[in-house]
Amino acid sequence: MRCSMRKKGLHPEIYEDAKVYCNGELVLVTGGTKPEYSVDVWSGNHPYYVGDTSAMVVMDSQIEKFRKKWGHIKEYWPKDQWAEMHPNGDPEFDPEEESAGGN
């Protein structure tokens, strides 16, 4: 017998046998608020968990998101990367001056 004290209409429906798919293959059955989940990475293929320390899982969208969020902080970028991000140059910033200890 199961007893629940939740208010009706407030909480999401719980699926105790939610299926998790990775690349179209069923990899896990768990509880969740959706009946099915589709993931790109899980512990069975993530480089950290399978012992592949040479691989790095980073998507292009993550890199662009990082650059959009932190690209204005000039001291994080080596001169060649800053030039790549700003092909028209930046008159307010000289990377060599920054690395020499200037503000």
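These legends accompany several close-up views of the predicted model. Residues are numbered from 1 along each chain as its sequence is written, and side-chain values use heavy atoms, with hydrogens and water left out. Because the model is predicted, local features need pLDDT of at least 70 and side-chain atom pairs count only at pLDDT 80 or more, while totals for chains, interfaces and linings use all residues.

**View 1. The open sheet has three strands in the order E2-E1-E3, with mixed pairing.** E2 and E3 stand at the edges, each with a single partner strand, so one side of each has no neighbour in the sheet. On average, neighbouring strands here are turned by 30 degrees against each other, direction ignored. For that angle, axes are lines fitted to C-alpha atoms (for helices over the stretch in contact), and angles run from 0 to 180 degrees between N-to-C directions. Strands (E, at least two residues) and helices (H or I, at least four) are DSSP runs numbered from the N terminus, and two strands pair if DSSP finds at least two bridges between them.

**View 2. E1 and E2 form a hairpin with two residues between them.** The two strands run antiparallel and are joined by six bridges. Start at valine 20 and look across to E2, where its bridge partner is leucine 28.

**View 3. Asparagine 23 sits in the loop between strand E1 (15-22) and strand E2 (25-32).** Its phi is near 55 degrees, a positive value in a residue other than glycine. Asparagine 23 is also exposed, with a relative accessible area of 67%; buried means under 20%, exposed over 50%, and partly exposed in between (1.4 Å probe, protein chains only).

**View 4. E1 and strand E3 (residues 36-39) run parallel, joined by four bridges.** Tyrosine 21 has serine 38 as its bridge partner in E3.

**View 5. Tyr48, Tyr49 and Val50 make a nonpolar surface patch of about 410 Å².** Patches are made of residues with over 30% relative accessible area and no salt bridge, joining like charges within 9 Å and nonpolar side chains (Val, Leu, Ile, Met, Phe, Trp, Tyr) within 5 Å. A salt bridge is a side-chain nitrogen of Lys or Arg within 4 Å of a carboxyl oxygen of Asp or Glu. Areas come from the Shrake-Rupley method with a 1.4 Å probe; for residues, only the protein chains shown count as cover. Valine 50 lies in helix H1 (residues 47-50) and is partly exposed, at 49% relative accessible area.
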